[in-house]
Amino acid sequence: MAGIVVIGAGQAGSALVAKLRASGYDGALTLIGDEPVPPYQRPPLSKKYLLGEMGVERLILRADSFYADQAITLKLGQPVTRIDPAAKTVWLGNESIAYDQLALTTGADPRRLPAAAGGDLAGVYGVRKLADIDAMASEFQPGRRVLIVGGGYIGLEAAAVASKKGLEVTLIEAAPRILGRVAAPQTADAVRALHQSHGVTIREGLGLTRLTGDTRVTGADLADGSHLDVDFAIIGIGITPGGQALAEAAGLTLDNGIATDALGRTSDPAIWAAGDCASFVYRGARIRLESVQNAIDQAEAVAANMLGADTPYVPMPWFWSDQYDMKLQIAGLNTGYDRVVTRDSGPARSFWYYRGATLLAVDAMNDPRGYMVGKRLIEQGKSPAPEAVADPATDLKALLA
Ligand code: FAD
């Protein structure tokens, strides 16, 4: 038997191989990654690791000994360049490895600025890999001017770190407001106010024309015709699913990422996918989720299904973001909301998304109780009356009864 091969040694790949072994799979098992480091967690990259408050050792998900003890062959620093589905073989340059079943956990690639817009100037950084953060670390010196392009969670987290480190921070967002793709105006308003209180300049509805400079970025031409002098730039304009070219060349169906069925199987019955790279149908739409929770849960579901469990994956979405001393916790998916209810009880604040009378999601700011209750309500399919949620006198826990 050729065994199981997993391409992509990140959050999902690591969870997938661990789950296969924990479920009793004792055949050959190979995990292949193109980064030179063992699988690690990415969330601290734009938070405590960038701030210098967390060492690399705490990013690593499992010690090297885990892979040795579990007889998992870990191949690092080696991109898979081709899949031959007919021969059931993957190629790493000139080396080939046969498989009975294959899983793609190839993550995502950050969108980059085109070279014509200054994307390849020195001093321009993406935020995806450990190497990206290590490359920009020395730029974070007090008084320097950083331009952050993109007002999603990653750009905002980078802005918070830069501000904490005493940099002069400008963040531009081409859309009318920050967090436009992922959160309600109420959440965006609170996050904007938080950044402004820390001296960050946030300019919304303002695109970047190009970064300027000879070989290194020194400025930015903005869409309103103005120019900004900068010392370096961070690009946080979203991601595209990873492994697309590889999957396409192997004949797999692509649809907002590598398309999978409810079990996590791609259009090739011997090939599976999980994590940021994989799309699946949820509430009637084909979606991808870009979160640690999804990477782990979907990978574990795929591992079980590779071994014959035949159990559809049902996501229980949750996400978090840390900015300054604000912990934002998000439960559920707000897609299709038509109403947002604000619950304000002092420093704890939460925004509850409804469609009609149905609770879809909760954004909780420094409000662990609101998050916990909201998450449980969503998981249980319960929708409390919006008026009860909005009333700070309501005991949230009582809503679970
Ligand atoms: P990844 O962890 O990216 O792993 C994929 C791996 O596959 C990568 O190492 C990639 O290089 C490798 N690969 C790709 N192609 C090949 C190939 N051909 N051959 C070999 N290897 C290949 N999520 C949260 O829930 N909360 C957060 O607060 C949060 N913060 C984040 C902050 C940052 C800076 C980033 C970048 C992400 C954050 N996320 C957060 C998202 C979360 O980290 C991802 O959703 C998660 O890592 C997805 O796991 P994955 O295994 O699908 O992809």
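Guide: Thr 260, Asp 261, Ala 262, Leu 263, Gly 264, Phe 280, Gln 298, Ala 301, Val 302, Asn 305 and Tyr 313 line the largest cavity. The model is predicted: local features need pLDDT of at least 70, side-chain atom pairs count only at pLDDT 80 or more, and totals for chains, interfaces and linings use all residues. Residues are numbered from 1 along each chain as its sequence is written, and side-chain values use heavy atoms, with hydrogens and water left out.

A cavity here is a set of points, on a 1 Å grid over the protein atoms alone, where a 1.4 Å probe fits but cannot get out; lining residues have an atom within 4 Å of a point. The structure holds 1 cavity of 30 Å³ or more. About 50 Å³ of space lies in the largest cavity. That volume is the space filled by probe spheres set on the points, with grid points joined across faces, edges and corners.

Helix H8 (residues 292-306) gives the most to this lining, with 4 residues. Helices are DSSP runs (H or I, at least four residues), strands likewise (E, at least two), numbered from the N terminus. By class, the lining has 6 nonpolar, 4 polar and 1 charged residues. Ala, Val, Leu, Ile, Met, Phe, Trp, Tyr, Cys and Pro count as nonpolar; Asp, Glu, Lys and Arg as charged; the others, Gly among them, as polar.

Next, the ligand. Of the 34 residues around the ligand, Ala 12, Asp 34, Glu 35, Lys 47 and Arg 128 come nearest; a residue counts if one of its heavy atoms lies within 4 Å. A polar side-chain atom of Asp 34 lies 2.4 Å from an oxygen atom of the ligand. For a polar side-chain atom of Lys 47, the distance to a ligand oxygen atom is 2.6 Å. Trp 320 instead places a backbone N or O atom 2.9 Å from an oxygen atom of the ligand.

Last, Arg 192. Arg 192 lies in helix H6 (residues 185-197). It counts as buried because its relative accessible area is 15%, and buried means under 20% (1.4 Å probe, protein chains only). A polar contact of 2.8 Å joins the side chains of Arg 192 and Glu 204. Such a contact is a pair of N or O atoms within 3.5 Å; within protein, one must be able to donate a hydrogen and the other to accept it, and residues adjacent in sequence count only if both atoms are side-chain atoms.

Definitions and conventions: 1 Å grid on protein atoms, 1.4 Å probe; cavity = no way out; pocket = protein on both sides within 12 Å on 5 of 7 lines; lining within 4 Å. Buried < 20%, exposed > 50% of the residue type's maximum accessible area, 1.4 Å probe, protein only.
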